[in-house]
Amino acid sequence: MNAFETAEGVRNGKISAEEAVKASLSAIAAREKDVNAFLEVFEAEALARAKEIDARRASGKPLGLLAGVPVALKDNIMYKGHRVYCASKLLEGHIASYSATAVERLLAEDAVIMGRANMDEFAMGSSCENSAFKKTANPHDLSRVPGGSSGGSAAAVAAGMTPIALGSDTGGSVRQPASFCGISAIKPTYGLMSRYGLVAFASSLDQIGPMAADARDCALALTAMAGHDDKDSTSADVKPGTDYHGGHSGSVKGLKIGLPKEYFVGGIDPEVEKLVAGAAKKFQSLGAELVEVSLPHTKYAVAAYYIVASSEASSNLARFDGMRYGYSAAREDESLSLPEVFMKSRGRGFGSEVKRRIMLGTYSLSSGYYDAYYAQAQKIRALLKKDFVAAFEKADVLLGPACPTPAFRLGEKMDDPLQMYLSDIYTIPCSMAGVPGLSLNCGKTSSGLPVGMQLFGRPFSERTLFNAAMTFERGN
Amino acid sequence: MAVTRAEVEKIAGLARLELTGEECALYQKQLSSILDWMEELKGADTSSVEPLAHVFGTENVMRDDVPVRHEDRKSLLDNAPMREFDFVKVRKVIE
């Protein structure tokens with residue numbers, strides 16, 4: 001059952017929250033040994049909370065927007081009193097001392113947190129294979145990756161374990177796994193979701209994003225969580241409680257949909273191209289007008305992103321010093337000096353990809369290279385933003401593929417970081433420009449692998465994106 | 001652009017990362033190929049734009065300077081790898 005029906009059913013007594021949570025737990029019991037979506041399941045606690053929600057309803061109290069809805073949390077989102085490891089050995093043992101604003105708001109709407117979903121370590125990766133703890137499989141084909149970095153979250157939803165999961169998106173980390181797993185996800189406009197309690201990777205890009213089987217469930221979760229938060233200084237001035245799921249026109253008549261020509265050339269898989277082109281045709285048959293647009297700086301986006309994101313990461317991850325959190329080499333050897341504790345704790349605690357990015361970021365920011373790399377990448381970021389501004393003068397929304405290929409095989413790209421980075425080509429420009437991007441399924445390849453498309457909108461036009469996506473999904 | 005072994009070691013030092021010899025060799029190779037690929041950025045004409053650090057140009061968001069008490073001090077201290085009483089225990093900073 002999807003989130004919308006679950007919440008409605010729990011509110012009007014058709015089903016109990018306990019039944020909803022038990023259904024989630026039995027789906028986990030059935031699929032988890034093959035899929036490995038979770039690092040931890042809060043079984044007893046989720047059941048207790050469900051009973052508490054049911055008791056509240058029985059006593060006549062009104063229930064929230066997500067009454068009894070089971071939700072999985074990516075392992076970089078803090079939930080007070082629970083482990084939060086970012087799938088890293090470095091944070092093993094760390095307990096969240098407060099909850100993320102997104103989690104507080106989910107709980108206030110009576111959602112039930114089911115557990116911690118697997119991810120690429122510190123959200124760095126596109127396949128979920130960089131987790132220090134386990135590899136998650138794609139529920140549609142267990143020999144393939146679920147995508148990343150929010151791979152556990154996507155797999156949990158795709159395997160029917162939870163109707164909603166939270167991921168985080170820095171360069172495509174909710175949209176690419178949604179595409180690989182055949183579900184829907186949104187990276188909101190930068191600042192729409194509070195980053196408070198999301199472990200920082202690249203702060204100028206990071207956004208929490210809901211993932212669900214369809215666009216309406218994503219919208220419902222966004223309604224519960226979005227809006228201004230005093231605890232995040234980059235939080236946008238949008239009223240919490242703004243409705244993203246209801247009151248849509250249900251029509252795309254007259255909507256101008258731009259097809260960025262740079263998104264349909266080069267390394268795109270022919271089957272992906274055909275399915276996305278088919279989706280554009282469907283929009284046209286529903287009354288939308290298709291126009292060609294250009295995002296001319298797309299070819300620079302991935303390289304610029306890896307400089308900006310790695311630079312910010314090298315600074316944000318400096319806090320993991322072996323003194324305040326998680327793994328410390330000092331505990332094993334009392335004789336180590338201060339610099340040795342730093343070097344050894346970080347060297348042993350971080351995994352290979354995290355160290356690679358810290359190295360790249362440190363290099364980009366170091367004296368003598370700053371102007372050629374970091375400053376140039378920030379200028380390209382300005383050009384990428386201008387590309388979108390110009391495209392939105394011709395079109396209301398843009399449509400393109402979410403990823404050049406369907407899910408690749410486990411292990412296929414692990415030895416070649418550059419190939420892995422290039423799989424983010426279609427999700428990164430939107431992140432760099434700060435505009436919202438919604439990923440939704442548009443069919444399957446001949447071998448049965450899901451393919452996703454993306455809709456981009458002007459800043460804070462999430463309602464327009466959801467209206468278009470929900471109209472598409474309904475198909476009339 | 002080829003990165004030398006000495007550069008890899010210098011960057012690792014700046015980033016406070018102890019790397020094994022194998023890791024140094026691997027990162028030397030991989031960073032060289034990543035930086036080679038990044039050379040293409042030099043081809044972009046950026047003469048008309050300023051560097052963009054924040055997408056919507058927000059700066060200096062201020063609030064009143066009022067202290068707020070963290071309700072759960074113990075949980076913060078409990079996360080430190082080494083403690084003594086209510087202090088986080090660190091190595092000697094000044095030799």
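## Where the two chains meet

Let's start at the interface: across the boundary between chain B and chain A, 18 residue pairs make polar contact, counting pairs where both residues are at pLDDT 80 or more. That confidence score comes up because this is a predicted model. On chain B, the elements that give two or more residues to the side touching chain A are helix 1 (5-14), helix 2 (21-38) and helix 3 (73-78). Helix 2 of chain B gives the most, with ten residues. Sorted by class, the residues on this side of chain B come out as 31 nonpolar, ten polar and 14 charged.

How many residues are in contact? On chain B there are 55, and they touch 69 residues of chain A. The size of an interface is often given as the accessible area lost when the parts come together. For chain B and chain A, the buried area is about 5400 Å², and carbon and sulfur atoms give 66% of it.

## Salt bridges, between chains and within one

Four salt bridges turn up across the interface of chain B and chain A. Asp72(B) pairs up with Lys80(A) in a salt bridge, with 3.0 Å between the closest N and O atoms.

Over all chains, the structure holds 28 salt bridges. Chain A has one between Arg83(A) and Glu40(A), where the closest N and O atoms are 2.7 Å apart.

## Empty spaces inside

Now for the gaps. Rolling a probe the size of a water molecule over the atoms shows where empty space is left. In the whole structure, the search finds three cavities of 30 Å³ or more.

The largest cavity holds about 70 Å³ of space. Its lining is made up of 13 residues, and those nearest its centre are Gly125(A), Ser126(A), Ser173(A), Tyr305(A) and Asp424(A). By class, that lining splits into five nonpolar, six polar and two charged residues.

What is the volume of the second largest cavity? About 50 Å³. Among the residues lining this second largest cavity are Asn76(A), Cys86(A), Phe122(A), Leu198(A), Phe201(A) and Asp206(A). Here the lining has seven nonpolar, three polar and one charged residues.

How values were computed: Residues numbered from 1 in each chain as written. Chains lettered and ligands numbered in written order. Predicted model: local features only at pLDDT ≥ 70, side-chain atom pairs only at ≥ 80, totals over all residues. Heavy atoms only, no water. Contact = heavy atoms within 4.5 Å. Buried area = accessible area lost by both parts, 1.4 Å probe. Salt bridge = Lys/Arg side-chain N within 4 Å of Asp/Glu carboxyl O. Polar contact = N/O pair within 3.5 Å; in protein donor to acceptor, adjacent residues only side chain to side chain. Helix = DSSP H or I, 4+ residues; strand = E, 2+ residues; numbered from the N terminus. Nonpolar A, V, L, I, M, F, W, Y, C, P; charged D, E, K, R; others polar. 1 Å grid on protein atoms, 1.4 Å probe; cavity = no way out; pocket = protein on both sides within 12 Å on 5 of 7 lines; lining within 4 Å. Points joined across faces, edges and corners; volume = space filled by probe spheres on them.
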